[in-house]
Structures are given as C-alpha cells and as structure tokens.
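These are my notebook entries on the structure shown below. I began with confidence and then went through the strands and helices in turn.

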Amino acid sequence: MTVRVMDVMGLVAIAVRPEATFAELVATMRRFKVGAVAVIDAEGRPVGVVSEADLLLKEIAAQSGPPSGEDVREKPGRTAAELMSRPALTVTRQTPVREAARLMHANRIKQLPVVDAASGKIAGTVHQADLLKVFIRPAADILTEMADAVADLGLNTGGLTITIEGSVIRVEGRVARRSQIAALVEAGRRIEGVVDVEADIAYDRDDVLSASSARL
C-alpha cells in the first residue's frame with residue numbers, strides 16, 4: 001500500500017500573509033518550533049516560503065549596512081513578501097510520502113506546505129520527521145535488498161560500492177553500459193525505506209547515445 005502525505009501530515013497550516021513583518025515571522029517560527037513558514041495570498045494559496053536562512057541573511061545585511069551612497073530611507077526585506085523565496089514548493093494530500101521525501105532531500109528543506117489539489121489552498125504542513133516515521137528500517141536490510149537488486153540486474157557487485165545514510169543510498173563504481181545506471185537507480189528507489197538513490201558511476205560504453213542515434 002502506498003503511504004501518502006495525508007497519512008502523516010500535520011493539520012496545522014503554518015503560514016503568514018505577505019505583509020507579515022520580520023518580528024511576526026520570527027514569532028511564528030518560535031511558536032510552532034519550525035524552520036520555515038509558507039506565505040499565502042488572500043485566497044490562502046502558497047506564493048512563497050520564508051526560512052530561518054532568509055531571516056539570517058536579512059540580519060547580516062542590516063548589520064553590515066548599505067553600500068556607500070545607497071538611499072537608506074527604504075530598507076528591503078521588512079516583510080514576508082520581500083524576504084520569501086518563490087515559488088513555494090508544495091505537495092498535496094495525495095502525494096506519496098516517498099515523493100515528498102525526495103522533494104525535501106533534493107531541495108535541502110525540512111517541511112512542505114500541503115495544498116488542496118482542487119483549490120490550491122493550504123491545508124496543512126508535513127515535516128521531515130513525519131515522513132521519516134515511514135522510512136525507519138535497519139540499514140543492513142536495505143543494503144541487502146540493494147545488493148540483491150544489483151545481482152538481479154546482472155551487474156558485477158565487485159565493481160560497485162553501496163552505502164546508505166539517512167534513507168539515501170549512494171552507489172559508486174563502474175558498470176559496462178550507461179543504461180545500467182538508470183536501471184540501478186530505479187531498482188533502488190523501489191526498495192521500501194529508501195528516499196533516494198545517488199549514483200556516482202562511470203561506464204564503459206554509452207548504449208543510451210547509440211540507441212538515440214539509431215532512431216534518428
């Protein structure tokens with residue numbers, strides 16, 4: 001059974017309006033003990049995200065002072081609209097937990113706004129800790145399954161090094177054909193408890209390019 005965001009998400013939608021001030025952003029993050037908040041428009045749709053990093057950059061800029069000759073009457077970064085990163089990365093209730101985890105991993109974030117698929121309005125928040133509950137499996141078991149997947153693909157296990165950290169498998173080494181890399185990554189991603197597969201693999205023959213040229 002595919003576990004979806006709706007099965008693990010928090011029902012509290014942690015969000016602010018674009019006009020929220022710096023102080024209000026800090027207070028919201030402290031109140032809910034989060035590292036980022038969504039910024040929503042008048043209809044409740046996420047338009048951006050403000051993170052602790054955004055606030056820190058603002059503070060550093062304020063302490064450094066404006067460049068020589070700059071007009072200091074208007075100071076940027078006073079509101080959520082000025083500080084936020086856009087567009088907002090979101091998921092829906094129906095998004096598989098595996099896909100949400102990959103999105104967080106790829107973008108180095110720890111939470112995502114959950115939106116209603118029909119209206120686009122914010123419906124809650126899902127945190128990295130919520131997702132990781134689904135991915136708690138002994139690393140040894142995952143590595144065994146990955147080794148079995150390598151064998152099923154007919155690859156030489158002696159030419160590959162497989163490690164795992166934080167539900168992310170990393171494969172390094174060399175294979176005979178370039179197409180085998182994609183097959184290996186896909187096999188790893190199908191293993192229960194795996195968020196993503198990172199491949200640093202060289203190849204002897206580029207059969208992908210050869211196949212593309214043959215179709216032209």
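**Entry 1: confidence**

Over which residues does pLDDT stay under 50? I was working with a predicted model, and I found that stretch at residues 70-76. For residues 70-76 the model has four contacts beyond four places in sequence. Where pLDDT is low, the predicted coordinates should not be read in detail. I then looked up the chain as a whole: its average pLDDT is 86, and 87% of the residues score at least 70. Among the elements, I noted the lowest mean pLDDT, 64, for helix α8 (residues 207-215), and the highest, 97, for β4.

**Entry 2**

I next examined strand β2 (residues 36-40), where five of the five residues are buried. Val16 has Val39 of β2 as its bridge partner.

Ala36 stands opposite Ser51 of β3. β2 and β3 form a hairpin with five residues between them. In the turn I noted Gly44, whose phi is positive at about 85°.

**Entry 2: the sheet β4-β5-β6**

I turned to an open sheet of three strands, ordered β4-β5-β6, with mixed pairing. Which strands stand at its edges? They are β4 (91-92) and β6 (122-127); each has a single partner strand, so one side of each is left without a neighbour in the sheet. Strand β5 (residues 111-115) pairs with β6 in the antiparallel sense, over five bridges. Within that pair, I located Val114 opposite Gly124 of β6. Helix α4 (residues 97-107) packs on this sheet and touches β4, β5 and β6. I recorded an angle of about 135° between the direction of α4 and that of β5.

I then looked up strand β7 (residues 160-165) and strand β8 (residues 168-177), which pair in the antiparallel sense over six bridges. Ile162 stands opposite Val171 of β8. The two strands form a hairpin with two residues between them, and Gly166 in the turn has a positive phi of about 60°.

In which sense do β8 and strand β9 pair, parallel or antiparallel? I found that β8 and β9 (residues 196-205) pair in the parallel sense, over nine bridges. Arg177 has Arg205 of β9 as its bridge partner. The chain goes from β8 to β9 by way of helix α7 (residues 179-189), and I noted this β-α-β crossover as right-handed.

**Entry 3: helix α7**

Finally I asked which residues of α7 are buried. I listed Gln180, Ile181, Leu184, Val185, Ala187 and Gly188. These residues cover an arc of only 160° around the axis, which puts them on the same side of α7. An α-helix has 3.6 residues a turn, so residues three or four places apart point the same way. I then looked up what covers the buried residues of α7, and the cover includes α6 (139-152), β7, β8 and β9.

Methods. Residues are numbered from 1 along each chain as its sequence is written. This is a predicted model: local features need pLDDT of at least 70, side-chain atom pairs count only at pLDDT 80 or more; totals for chains, interfaces and linings use all residues. Side-chain values use heavy atoms; hydrogens and water are left out. Two strands pair if DSSP finds at least two bridges between them. Helices (H or I, at least four residues) and strands (E, at least two) are DSSP runs, numbered from the N terminus. A crossover is right-handed if, with the strands pointing away from the viewer, the path from the first strand over the helix to the second runs clockwise. Contact means heavy atoms within 4.5 Å. Axes are lines fitted to C-alpha atoms, for helices over the stretch in contact, and angles run from 0 to 180 degrees between N-to-C directions. pLDDT is the predictor's confidence in each residue, from 0 to 100. Buried means under 20% relative accessible area, exposed over 50%, partly exposed in between (1.4 Å probe, protein chains only). The arc is that of the directions from the helix axis to the C-beta atoms.
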